[in-house]
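Please keep the sequence and the structure at hand while reading.

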Amino acid sequence: DTQEGFIEEDELFCDLLSIWEKETESAFKVRDSISFKLFLKEKIFYDTNDEDVLSFRYYQTAYDYLSGRFYIDSDKGIGFASLKLCIEYPDSSDSSCAFKSLNDRPDLYIPETIRDYNKDEWCQKIMELYINLTDKEGAKFLFMEKLHSNEFYCAHQFLVKFSDKNQIMNSSFPEEMILSVKPDCINLHNMERELVCTYHYNQIVNWGVSSIYFVFVVPEEDEEVFKIYLETPHTKNIQNLMESYVNLLCGRSENEIEKILRDTEKKLESVKAYRDKA
């Protein structure tokens, strides 16, 4: 599965390219396949009516859709493909160009996770929906609206491992999972992208991070609380995202949140320095 990370403020792009080159060479030597891509993406999702922000959000959502980050069945896939076609060819007189684009590059409209489809049959169905859609100008917002209820919409996803440090509290937790951090909750999914559990931020008693563990505390039905340890190299990114969303829910401003994140960063650096010294 694809793993995402964030470029830190103190990281240089040229250094990142150098690391990618070394890892690509190492993979090639053992006849493995690895690839890297750089994307400009929205980091903090929030409610907005700003057309520029929503337009940018659409392109990010469309990328996640085509990458298979949403679970989409075949029928819905046809609908989303027709909407994407409408966004790229909003003028009905462009139907011949739209068909050529769809026929030549179906991978630009159909998620890579949907593989068992008949190309000619799908192209016909997609074009029928494309032609019959009257509000082509509103297709971009309709595309996002239809995905709004999906657990992966407006979510940053991280591959995590259910650590052996955990107490045996939930046998349904697989060893490897996908953690998605959203504006109002965190979700855990198995590697087939089926939902395992959801924890809204008001359910999480506390959370913290180390260099390799993201740990959060949740209550159980018998009023006990449990720590859940998830192993991941992206603990700092998860910490910053959750800190931002919780403070947004508390009504704090963007400037206030930036200050809180800077203070948190200093605390984490101080703790790391103390541990390294010890």
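Two strands are taken to pair if DSSP finds at least two bridges between them. In this predicted model, 7 strands form an open sheet in the order β4-β3-β2-β1-β7-β6-β5, and their pairing is antiparallel. β4 and β5 stand at the edges with a single partner strand each, so one side of each is left without a neighbour in the sheet. On average, and with direction ignored, neighbouring strands of this sheet are turned by 30° against each other.

| Strand | Residues |
|---|---|
| β1 | 156-162 |
| β2 | 176-181 |
| β3 | 185-189 |
| β4 | 195-200 |
| β5 | 206-209 |
| β6 | 213-219 |
| β7 | 225-231 |

Within the sheet, β6 and β7 pair in the antiparallel sense over 7 bridges, and Phe214 has Leu230 in β7 as its bridge partner. Helix α7, which spans residues 235-249, lies across β1, β2, β3, β5 and β6, and runs at about 150° to β5.

A further contact involves two helices. The axes of α4 (residues 95-104) and α5 (residues 119-132) come within 10 Å and cross at roughly 150°. Because angles over 145 degrees count as roughly antiparallel, α4 is roughly antiparallel to α5. Their crossing is right-handed. On the α4 side, Ser95, Ala98, Phe99, Leu102 and Asn103 take part, and they meet Lys119, Cys123, Ile126, Met127 and Tyr130 of α5. The residues of this contact divide into 7 nonpolar, 2 polar and 1 charged.

Definitions and conventions. Residues numbered from 1 in each chain as written. Predicted model: local features only at pLDDT ≥ 70, side-chain atom pairs only at ≥ 80, totals over all residues. Heavy atoms only, no water. Helix = DSSP H or I, 4+ residues; strand = E, 2+ residues; numbered from the N terminus. Axes fitted to C-alpha atoms, helices over the stretch in contact; angles between N-to-C directions. Contact = heavy atoms within 4.5 Å. Parallel < 35°, antiparallel > 145°, perpendicular 65-115°, else oblique. Left-handed = near helix turned anticlockwise from the far one by under 90°. Nonpolar A, V, L, I, M, F, W, Y, C, P; charged D, E, K, R; others polar.
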